[in-house]
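Welcome to a short tour of one protein model. Have a look at it, and then we can walk through a few of its features together.

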Amino acid sequence: MRLFRELEDVNGLELPSPRIMTAGVFDGLHRAHCTLVRGVVEKARSETSGSSMVFTFSNHPLSVLAPAYQPKKLLSSERKAQLLNLTGLDVLIMPEFTARLAALDPDAFIQEVLVGRFRVDHLVVGFDFRFGSQGCGDADLLVRRGRELGFEVEVLPAVYEQEWPVSSTRIRELVEEGRVRLAADMLGRPYELEGPVVHGHGRGTGLGYPTANLLFDPAFATPASGVYAVLASIDGRIHPAMMNLGSSPTFQGTEYRPEVFLFDYAGESLYDNRLRVYFIERLREE
């Protein structure tokens with residue numbers, strides 16, 4: 001997969017045609033997003049020499065448009081790129097969303113970006129896709145302008161989990177309520193957080209149950225306080241584990257300190273390593 005972090009780097013990019021693309025914020029890269037990406041990859045492979053492309057952003061548009069309303073992150077841009085790479089995608093275009101991009105009216109976005117820079121032949125979007133200044137552009141406009149400018153537009157319907165349409169907003173709510181199993185069903189994978197292992201009070205080790213104290217970035221959605229069954233990844237290996245989120249239930253400290261116990265880990269000290277935690281199920285209150 002070729003990764004481009006600046007729109008200007010895509011100018012003059014030589015790719016086999018037809019160029020088949022999907023676009024969106026892809027906040028969390030959940031099941032509905034993956035349906036779009038898989039459709040693009042499969043369609044490109046079905047062509048004699050097609051190219052699959054994704055256009056997204058390294059930041060959430062609300063971080064520019066209305067910072068006070070920027071939602072908690074579900075996935076880092078680096079992890080988003082890693083997961084997209086696993087799909088077999090040919091090209092990922094992931095610039096920073098800027099005020100200049102926000103100011104483009106819908107028609108300017110279509111002509112300058114989709115046609116001028118990307119030379120898209122076939123565009124796949126979700127039913128609720130919005131673009132252009134103040135989100136004035138929608139899928140209907142894309143279909144109409146695509147006919148006029150010579151590219152096809154395919155609009156996919158909502159994806160449902162039980163009675164709920166899969167959405168980043170709903171997943172964020174589920175995570176923060178501690179309902180990580182249902183969040184995983186919507187994501188298509190367990191919700192994950194990553195952070196460095198930091199020094200704690202050493203009390204767990206003294207009791208014979210050494211734990212790793214983690215520092216999570218507060219910009220990311222954090223599950224509700226409680227005890228969770230998790231998987232922990234360190235140095236490429238996965239370990240079954242249990243995590244407590246919240247202040248220690250045994251000692252009197254009030255400091256918020258996520259702690260994870262790896263059942264089968266017998267390696268060297270984890271201090272200063274980064275550990276990724278996959279949330280499987282909330283077991284009980286902390």
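Is the crossing of H5 and H6 left-handed or right-handed? The crossing turns out to be right-handed.

## How confident is the model?

The protein has a mean pLDDT of 90, and 91% of its residues reach 70 or more. Where pLDDT is low, predicted coordinates should not be read in detail.

## Helices H5 and H6

Helix H5 covers residues 106-117 and helix H6 covers residues 139-149. Their axes come within 11 Å and cross at roughly 55 degrees. Angles between 35 and 65 degrees fall in the oblique class, and H5 and H6 are therefore oblique to each other.

## Helices H7 and H8

Another helix pair to view is H7 (residues 168-177) with H8 (residues 180-187). Here the axes come within 8 Å and cross at roughly 155 degrees. An angle over 145 degrees counts as roughly antiparallel, so that is how H7 runs relative to H8. The crossing of H7 past H8 is left-handed.

On the H7 side, the contact is made by Arg-170, Ile-171, Leu-174 and Val-175. In H8 they meet Val-180, Leu-182, Ala-183, Met-186 and Leu-187. Eight of the residues in this contact are nonpolar, none is polar and one is charged.

## A salt bridge across the chain

Across the whole structure, a search finds 13 salt bridges. One of them joins Arg-31 to Glu-161, with the closest N and O atoms 2.7 Å apart. This pair links distant parts of the chain, as its two residues are 130 residues apart. Arg-31 belongs to helix H1 (residues 31-46), and Glu-161 belongs to strand S9 (residues 160-161).

## Two backbone details in loops

Which peptide bond is cis, with omega near 0 degrees? That is the bond from Ser-17 to Pro-18. You will find Pro-18 in the loop between strand S1 (2-4) and strand S2 (19-23).

The other detail is at Arg-119, which has a positive phi of about 50 degrees although it is not a glycine. Arg-119 sits in the loop between H5 and strand S5 (122-126).

Terms used. Residues are numbered from 1 along each chain as its sequence is written. This is a predicted model: local features need pLDDT of at least 70, side-chain atom pairs count only at pLDDT 80 or more; totals for chains, interfaces and linings use all residues. Side-chain values use heavy atoms; hydrogens and water are left out. Axes are lines fitted to C-alpha atoms, for helices over the stretch in contact, and angles run from 0 to 180 degrees between N-to-C directions. Helices (H or I, at least four residues) and strands (E, at least two) are DSSP runs, numbered from the N terminus. Angles under 35 degrees count as roughly parallel, over 145 as roughly antiparallel, 65 to 115 as roughly perpendicular and the rest as oblique. A crossing is left-handed if the near helix is turned anticlockwise from the far one by less than a right angle, and right-handed if clockwise. pLDDT is the predictor's confidence in each residue, from 0 to 100. A salt bridge is a side-chain nitrogen of Lys or Arg within 4 Å of a carboxyl oxygen of Asp or Glu. Contact means heavy atoms within 4.5 Å. Ala, Val, Leu, Ile, Met, Phe, Trp, Tyr, Cys and Pro count as nonpolar, Asp, Glu, Lys and Arg as charged, and the others, Gly among them, as polar.
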